[in-house]
Amino acid sequence: MNTMTQLSKIMTTDLLTVTADTKLSKIKEIFDNKRIHHIPVVKYQMLIGIISKTDMLHYIKGVVGQRQDDVELNRDLLENYTAKDIMTTGVAKLESKDRIATAIMVFQENIFHAIPIVDNNLLVGIVTTYDIINFAAKCKCSAQEKMEKAVST
């Protein structure tokens with residue numbers, strides 16, 4: 001894997017985002033229906049925070065506590081709280097021209113699994129540990145195919 005590859009080559013650009021005023025019910029719906037684990041929070045395409053699926057689950061568990069089976073309490077929580085109540089601010093971010101090696105270093109030094117990609121103060125993508133693993137797997141497969149082709153000729 002070439003860790004000098006720019007993040008623009010592996011980042012996800014088709015993003016689902018929310019605003020600070022998005023209700024937790026909508027955020028839960030996104031997590032329940034999409035195969036994503038991180039949702040950037042934006043204001044006019046500018047990143048102001050991020051919410052992970054884990055953040056959402058911990059917040060609900062912390063507020064509801066031992067009464068998790070209380071459907072009415074859960075419904076009230078999801079309808080009365082918004083993204084700004086649970087989002088992480090002061091998010092680490094990189095630029096699309098940064099290298100995979102830089103993202104790997106950020107992941108190694110921190111506990112999170114997603115880094116928003118911001119160019120000129122605007123959110124343009126997100127890179128996750130999955131994106132890097134997927135890129136490495138494709139590189140390995142490509143290298144193995146080349147080796148097998150060379151051996152067979």
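Predicted model: local features only at pLDDT ≥ 70, side-chain atom pairs only at ≥ 80, totals over all residues.
1. Overall architecture. The secondary structure of the chain comes to 6 helices and 4 strands, and these elements follow one another along the sequence in the pattern α-β-β-α-α-α-α-β-β-α. Among the contacts in the chain with a separation of 6 or more, 59% are accounted for by residues 24 or more positions apart.

2. Burial and surface. The chain has 153 residues, of which 33% count as buried.

3. Helix H1. This helix spans residues 24-33, and its buried residues are Leu24, Ile27, Ile30 and Phe31. Seen down the axis of H1, these buried residues fall within an arc of 120°, so they line one face of the helix. The background to such spacing is that an α-helix has 3.6 residues a turn, so residues three or four places apart point the same way.

4. Thr22, in the segment before H1. With a relative accessible area of 14%, Thr22 is buried, because the cut-off for that class is under 20%. Its side chain reaches the backbone nitrogen of Thr19 at 3.0 Å. When residues up to four places away in sequence are not counted, Thr22 touches Ile27, Tyr81, Thr82 and Ala83; of these, Ile27 is one of the buried residues of H1.

5. Leu7, also in the segment before H1. The relative accessibility of Leu7 is 0%, and Leu7 therefore counts as buried. Leaving aside neighbours within four places in sequence, Leu7 is in contact with Leu94, Glu95, Ser96, Asp98, Arg99, Ile100, Ala103, Ile117 and Val127. In the case of Val127, which lies 120 residues from Leu7 along the chain, the C-alpha atoms of the two residues are separated by 7.4 Å.

6. The largest pocket. Its volume is about 890 Å³, and its lining is made up of 29 residues, with Ile36, His37, His38, Ala114 and Thr128 lying nearest the centre.

Technical notes: Residues numbered from 1 in each chain as written. Heavy atoms only, no water. Buried < 20%, exposed > 50% of the residue type's maximum accessible area, 1.4 Å probe, protein only. Helix = DSSP H or I, 4+ residues; strand = E, 2+ residues; numbered from the N terminus. Arc of directions from axis to C-beta. Contact = heavy atoms within 4.5 Å. Polar contact = N/O pair within 3.5 Å; in protein donor to acceptor, adjacent residues only side chain to side chain. 1 Å grid on protein atoms, 1.4 Å probe; cavity = no way out; pocket = protein on both sides within 12 Å on 5 of 7 lines; lining within 4 Å. Points joined across faces, edges and corners; volume = space filled by probe spheres on them.
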